[in-house]
Amino acid sequence: MDPDHSENVVDHRSLGNMPGYEWKLLRYKCRDLRLEGVYHRHLQLVSAAVVTQLIIVIEILMLIHVILLFSVVKDIDFLTVLPYFAVMLLTPSILMPSRESNVEQYEVIAILVSCLMAVLLTAMDLILPICYFRSFNLIPNFDHVVIVLVYLMFPIAFVENGRAYLLGLAVSLVYFAYMTFMVNINTHDEVWELTAYGAYLFFLNMLSMSLSGFREYNMRSGILSRYQLVYQNLVLQMAMKQEKALMDSIIPATLSRSLQDTIASHIEEDPSNLIPFTKTRHLFMEPHPEVSILEADMVDFTNLTTTMDVSELVAILHELFVNFDLAANHNRATRIKFLGDSYTCVTGIPSYFATHANACVNQALDMIEISREASQRRNKRIELRVGVHSGEILAGIIGLTKFQFDIWSKDVDITNRLESSGLPGMVHISSRTLGLLDNHYVYEEGTETAKQDPLLQRSHLSTYLIKSRLPNFEDTNDLEDDHISQNDYNFSFIFTQDYEDIQVKAQRDMILEVEHMPLNRVQACKIRRPLHRMAKKDINEEYRFHLESYYLFTTFRSWKMEWSFSKMRDLLMKYSLGMMVLAGATIIAMNLLHTKAAMDYTMLFGLFLLILLALLLASYKKLWLRGRRLTPMTQPSTFLSRWLIKISNLIEMSVFVRVPLGIIVLSMLYIMSSASVLSCDIARLELQIIDSELHNLKPHMICFMPWPVTYAVIIVLSLMLVIIGIPLIIKLAVGLAIVGCHMITVYAYYGFAFERSETTNVGMTSSLAHSWYLIAFFIVVVVREGNLNYILKASYLYV
């Protein structure tokens, strides 16, 4: 893994700019974020969900096959359809144990079930050809379907280290052994045709194994995207808590909520922010008719500023004010502000309580005690003058660009006079406050300065100095937790929980979140549960997605959202083109093996070189990045190299480049697959077939062998499975065009040749066997592509 890549969540835009394979990076990210367990759980859930889909696919294929046999075969022998009925009856019972993903030893069950299904389907496909081999040379009908299903839909494909390729290769060897056996029995020296069949099976296995890698990429990227969503939500929640704590520390909760609601309303009414908030915001004020006010100031603060270092002075103020806040929390006092060496707080807000005067005086005495302890510990003279008065206030938020919470009233001014006229180490209170206190305090008459204060005289207030509490004083504070340390305060106020804690919580939340991730088109693993037992989130996600999309082709109802999804970059396009190059090489090899007449291969190799060129263009950036990282400082020095990287980016990012390129390459591959047919001399082929039949010989195909041609078309059709960046509707249209063109070839132009080839069932015409062989595979392709399209779009909508 690149050591420079240290993001907590994966950035898909960066994957294309890094050396190595994309899914390897995703593996590293899952391991770093400790999501491997979540990924394995997701594999189990997908496996259990796909089982229902697998049952439906097999049942549909067997049902159509049986209907075809009863429709086209005259005097059909019931024994010839018995294997297909057996598969229809046995498939659900064999696969049912793998539908429940929560059982113990699920992986063992998945492997056993897959092996049983592989044996059942292979035996069904070969039992009739083996039984009738003396009279008919029958071709397997479902070899391609079984091999692809092993890798794509069998439960073993979703088991970590299940080694589905071993089962796929075993099935392929069984089919190849059968074909070898048939060739030897009929004593035909057709090793070349057998080799072409082996190349065909080899390609199907290679394609299916690459699809397993593509599936891992999609599943891991889906998990990481969901993790990113969970992680961001937790970060947002923490930020909101910090914001709320900050607001509550300077503004009462009622006013802060009103301010937040007003800001939110302003954003909703004017999202473009054309109207300044300062012109539309309200004046937030709250009257409080009965509170107690505390004003404290440090004695001889000027001397401290001139005799102490600034950092030490700030450290003392920080220590004092933090402990003052702790005491305020204990005494139910709301700190209003601190400015320099002054500290202001109020009791009785935001909610009124009857003992607000006692609480305010207790706060004052605690502050004096805190300052004394700090003075002794630091060997500095730190004393407070404190004034406390009871009355009414008007609390509110002022300011335009920066908000400030403050209080105003005549009683606030009186409190300031009490503080300034008080004595160090004593609480200077008014007679109004004294009248609200109980008898637990030691006090004496106020200062002479207060008696001469004009404001106090006009207010007819006398003053008193409280020295301390009585010895038998008991704290009657009704707070649940009276033992709050400074560390507790720091945690509850500024939320020192760091991002590592959030990451751990995100990993825990993902254990639950993976249960709600999209699995298949009908959420088969969840629909079997009663509705009242389904998680509410499951219902919400499914309901939301169905509201946002049409069921047919799973297209979004909003064309803008559909277009936005279609424009997503396809980082795997270069690997898809790599499989197309392998397909082209396989088709050329099959043509070389099964084409008997002289053929001009210039066109074949020319088309192959064009496909290879497309692969090199798509892969150039990846090849150039081997051993380096693409940054603004490491751009290629040559003009040609920069343009090649730009073209490589366009193939990945631009739907206008990617879609036409995919269609063109598929078209060229189809031309390559049918080149031996299209270049054949029809008149000469007809004469040769007629001559063979007149002499009661097997028809001699001088240009091509029909089944290798159909195998080559299946190879082209299978490539639809590896092209992710082309919209589903376009892929289905291209697939239908390929099927239609080949059926026209089979029935219209070269029907006389395909009709004289081997069939798959006794009594079924060879032309129909070729068509059904192609259509059966196309059904599997449609089901798989529909499921993949559902998962990708559901993940896109949720994330």
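In which helix is the place of M209? M209 sits in helix α8; helices here are DSSP runs of H or I with at least four residues, strands are runs of E with at least two, and both are numbered from the N terminus. Before going on, please note that this is a predicted model, in which local features need pLDDT of at least 70 and side-chain atom pairs count only at pLDDT 80 or more, while totals for chains, interfaces and linings use all residues. Residues are numbered from 1 along each chain as its sequence is written, and side-chain values use heavy atoms, with hydrogens and water left out.

Is M209 buried or partly exposed? M209 counts as partly exposed because its relative accessibility is 32%; buried means under 20% relative accessible area, exposed over 50%, and partly exposed in between, with a 1.4 Å probe and protein chains only. Helices α7 (164-185) and α8 (191-250) each supply at least two residues of the patch.

Now let us look inside. The largest nonpolar core has 145 residues, and F142, F154, Y200 and L719 touch the most other members; a core is a set of buried Ala, Val, Leu, Ile, Met, Phe, Trp, Tyr and Cys residues joined through side-chain atoms within 4.5 Å. Helix α8 gives the most to this core, with 20 residues. A second, separate core of 36 residues includes F321, A328, L365 and V427. Beyond its neighbours within four places in sequence, F154 is in contact (heavy atoms within 4.5 Å) with residues including L54, M117 and L167.

What about the cysteines? The count of disulfides, pairs of cysteine sulfur atoms within 2.5 Å, comes to zero. C345 is in no disulfide, and its nearest cysteine sulfur, that of C360, is 5.4 Å away. C345 is buried because its relative accessible area is 0%.

Finally, step back to the whole protein. There are 31 helices and ten strands, and buried residues make up 53% of the 799 residues.
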